[in-house]
Amino acid sequence: MQVGVVGAGAMGSGIAQVAATFGHSVVLFDTRERAIDKGLAGIEKNLARSVEKNRITSDEQTAIRSRISTVTGSADDFPAFAECGFIIEAAVENIEVKRDIFARLERVVADDAILATNTSSLSVTAIASTCKNPGRVLGVHFFNPPTVLPLVEIVPGLATDPDVTERVQVLVDAWGKSTVLASDTPGFIVNRIARPFYGEALRIYEEGIADMATIDWAMREIGGFKMGPFELMDFIGNDINLAATKSVYEATFHDPRFKPALTQQRLFDAGFLGRKSGRGYYDYSPGATPPSPTEDRELGDLIFRRILCMLINQAADALYYQVASASDIDRAMVLGVNYPKGLLRWADEMGIPETVKWLGALHEFYGEERYRPSPLLKTMAADGFTFFS
Ligand SMILES: NC(=O)c1ccc[n+]([C@@H]2O[C@H](COP(=O)([O-])OP(=O)(O)OC[C@H]3O[C@@H](n4cnc5c(N)ncnc54)[C@H](O)[C@@H]3O)[C@@H](O)[C@H]2O)c1
């Protein structure tokens, strides 16, 4: 089967490489010639590195590269996709652009071709609604970089045919990815559940409970996370991270749990975007001295427990509101954002009554909806249940 990819940016070029590596011939399209050149250069560099590391032979490198053909032009050039059975759209994150792409694609592809979007924050259902046959449209959400990160969230829209969802999940698993099934809700699984990792860290900082270096230290050293929240936001980029938070906040009709932080907005206003701009929460200019954490174990434990309980609360609510299954929720956080442990398993280990106690204390102290414990956690604590036996 031929695979089509619309958009040759960071995600599209990576997805094209994954599909070609599996053995599909791939049509990679972008409106900009420069994007195609850059995308292909990235693919070639990745393949050369894989040969150096003996992951593939040079014959395989040549074969994979030769399976990718490119098309540049306007959306009138979509006939290039006529023979494709599966097309993944990875163009800019703009609902109008995406809807236009899907409407045009549907005019040229075969009746049984499947159309997918790699959107991170838009509604799959809203994108699909532009199509005459929304049953063949779904979300296939890869993580960056798609060639390295194993997780893919499969997101059926309201009208998606269950058979299409199943076929795509089987196919993407065959590509060597680990798929999870998510409902078409804001942030899907990972981008929804991960919000307090940043948001609660910012809140703790804004309240003057600890400085950024100490919060990062606590999450790394006590929590076992690869990076602390502030260093991770600087790595991701404050523009990208703030946009993700704002989009979930807007899409949940302003659920206070997702409220963006003024500190991050100010950093964005100042152009302090993180590593890529040389300054974010930390200063990355040559010779700058990184601040030292206060390595106070008791304070560190408090910071870690507070953020962890907020993360567990999100994971429990995602299960309660049927965003995904318990095992998919845990797998998604480990494979998508490298968490040291699944959050629901972590809740079992820490004790669900203990988690509810922490959340209840925060809720009572602040009197804010942000800290309301998930009804699921409360019921489970009362009944003595655990997520996994
Ligand atoms: N970057 C990430 O971390 C990440 C992760 C998961 C999902 N996503 C999603 O994947 C999509 C692409 O993101 P990206 O980071 O690769 O962006 P990018 O800016 O690197 O690439 C987008 C590409 O789309 C092209 N484009 C714009 N309009 C087009 C059109 N009408 N037809 C065809 N191509 C068009 C642009 O020229 C550009 O090359 C977005 O929906 C984004 O939300 C991004």
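Okay, so before anything else: what we have on screen is a predicted model. Keep that in mind as we go.

Let's start at the ligand. Which residues come nearest? Out of 23 residues around the ligand, the nearest are Met11, Asp30, Arg32, Glu93 and Lys98. If you sort that shell by class, you get 11 nonpolar, 8 polar and 4 charged residues.

Arg32 uses its side chain here, with an N or O atom 2.9 Å from an oxygen atom of the ligand. Ala91 does it through the backbone instead: one of its backbone N or O atoms sits 3.3 Å from a ligand oxygen. And then there's Ser120, where a polar side-chain atom is 3.2 Å from a nitrogen atom of the ligand. As for burial, the ligand on its own would expose 830 Å², and the protein buries 77% of that.

Who builds the shell, then? H4 has the largest share, with 3 residues.

Staying with H1 for a second, have a look at how it sits against helix H2, which is residues 33-52. Their axes come within 9 Å and cross at roughly 45°. That angle makes H1 oblique to H2. The crossing of H1 past H2 is right-handed.

Between E6 and strand E7, which is 151-156, the loop holds Pro145. What kind of peptide bond joins Asn144 and Pro145? A cis one, with omega at about 0°.

Where is His254? You'll find His254 in the loop between helix H11, 238-251, and helix H12, 262-270.

Those two helices are my last stop. H11 and H12 pack at an angle of about 135°, and their axes are 10 Å apart. They're therefore oblique to each other. Here the handedness is left: H11 passes H12 in a left-handed crossing, whereas H1 passes H2 in a right-handed one.

Key:
Residues numbered from 1 in each chain as written. Predicted model: local features only at pLDDT ≥ 70, side-chain atom pairs only at ≥ 80, totals over all residues. Heavy atoms only, no water. Near = heavy atom within 4 Å. Polar contact = N/O pair within 3.5 Å; in protein donor to acceptor, adjacent residues only side chain to side chain. Areas by Shrake-Rupley, 256 points an atom, 1.4 Å probe, with all protein chains shown as cover. Helix = DSSP H or I, 4+ residues; strand = E, 2+ residues; numbered from the N terminus. Nonpolar A, V, L, I, M, F, W, Y, C, P; charged D, E, K, R; others polar. Axes fitted to C-alpha atoms, helices over the stretch in contact; angles between N-to-C directions. Parallel < 35°, antiparallel > 145°, perpendicular 65-115°, else oblique. Left-handed = near helix turned anticlockwise from the far one by under 90°.
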